[in-house]
Amino acid sequence: MLTIYSEQQKLHNPAREFLGGDLVPYLESPKRLDYVLEALQDNNLGRIEWPESFSTGPIARVHRPDYIEFLETAWQRWHQTYPESTQASPYCFPHRGLRHVVPEQIEGALGYYSMDLTAPVVEGTWTAIRASVDCALTAQKRVLDGEPVAFALCRPPGHHASGDLMAGYCFFNNAAIATQAFLDQGADKVAILDVDYHHGHGTQAIFYSRNDVLFASLHADPRQDYPHYLGHEDETGDGAGLGFNLNLPLPLHVTGWAEYRRALEVALGRIGEFEPDYLVVSLGLDTYERDPISFFNITTPDFLELGHCLAALKKPTLFVLEGGYALEVLGNNTVAVLEGFSAF
Ligand code: OKP
Ligand code: ZN
């Protein structure tokens, strides 16, 4: 399987994140890429190529121009205000009853463009998030040009980023940008299947009133885990998009492969019925039984099975990496899905 990867993605390297009331080492670390690369190479999964560089044009199809400009300049503005600081984080948000106007000052602007504290901006963030989008768009282009399947080895991930909000380690929504690129280049319908443990609420929000994109997601019940405020079963789409959003929230601790597989069949059935031209998979490996921040019980052999199930759709498929934080097995779990897909 063709993989697209850029080393520049490692430049986003925050030291810490806020978790459980403390600052802890940043879980979404550049090392994730090394583990996946190593496993791809050890298992001879196929060619690994660098991405082409794209302009911000395809990003602007999904994200607001002021949000893109904010991300480009945020580090420099923060650095002028706090020269000693190594990462920019908001501390204050335009919550209920407050004005939704972008403040002039950087901290206020950071809060305006952030849903939470888990997407800090550092010196290398802009370069890395552009490279991550480049990986997704290059892999998308290869699939459009006839490659039956490609893997975008993206980092930072993207599925929590909406049109103008960063959240959950995500800045630009790689999967959404690639999906929109398929549509802009002639596709009529694209299905996104999000198998990350966390609900891809950014992707959902981006396509919520559209019927040319079906968004289907299997994830931890938002009543029990992040992103907490979106991802419920009754969110089925809006306007023309009604019926084109499928959420399958699953309970923590008791969800193993048998339960997961049943929900997966529902999602695959709906995708089959939708008859998409392309399938985009938001591939999170944090459903893994020993993931440090997640509570499903999916094993490495289950991931192989997941790959098989996805291949049964028989659609040109773009895999985009999202989460997965059990570092030592992240590579093997990723390879399991991709091998399961190819072996079908
Ligand atoms: C990003 B991706 C819950 C902490 C949640 C943020 C998780 C972001 C996940 N106790 N922290 O979907 O893997
Ligand atoms: Zn996740």
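1. The shell around ligand 1 in this predicted model consists of Leu19, His159, His160, Gly168, Tyr169, Asp196, His198, Asp225, Tyr226, Asp286, Gly323 and Tyr325, a residue being near a molecule if one of its heavy atoms lies within 4 Å of it. These shell residues divide into four nonpolar, five polar and three charged; Ala, Val, Leu, Ile, Met, Phe, Trp, Tyr, Cys and Pro count as nonpolar, Asp, Glu, Lys and Arg as charged, and the others, Gly among them, as polar.

2. Local features need pLDDT of at least 70 and side-chain atom pairs pLDDT 80 or more, whereas totals for chains, interfaces and linings use all residues. Side-chain values use heavy atoms, without hydrogens and water; residues are numbered from 1 along each chain, and ligands from 1 in the order in which they are written.

3. Polar side-chain atoms of His159 and of His160 each lie 2.6 Å from an oxygen atom of ligand 1, and for Tyr325 the value is 2.5 Å (a polar contact is a pair of N or O atoms within 3.5 Å). The protein buries 85% of the 410 Å² that ligand 1 exposes when taken alone (Shrake-Rupley method, 1.4 Å probe).

Definitions and conventions: A polar contact is a pair of N or O atoms within 3.5 Å; within protein, one must be able to donate a hydrogen and the other to accept it, and residues adjacent in sequence count only if both atoms are side-chain atoms.
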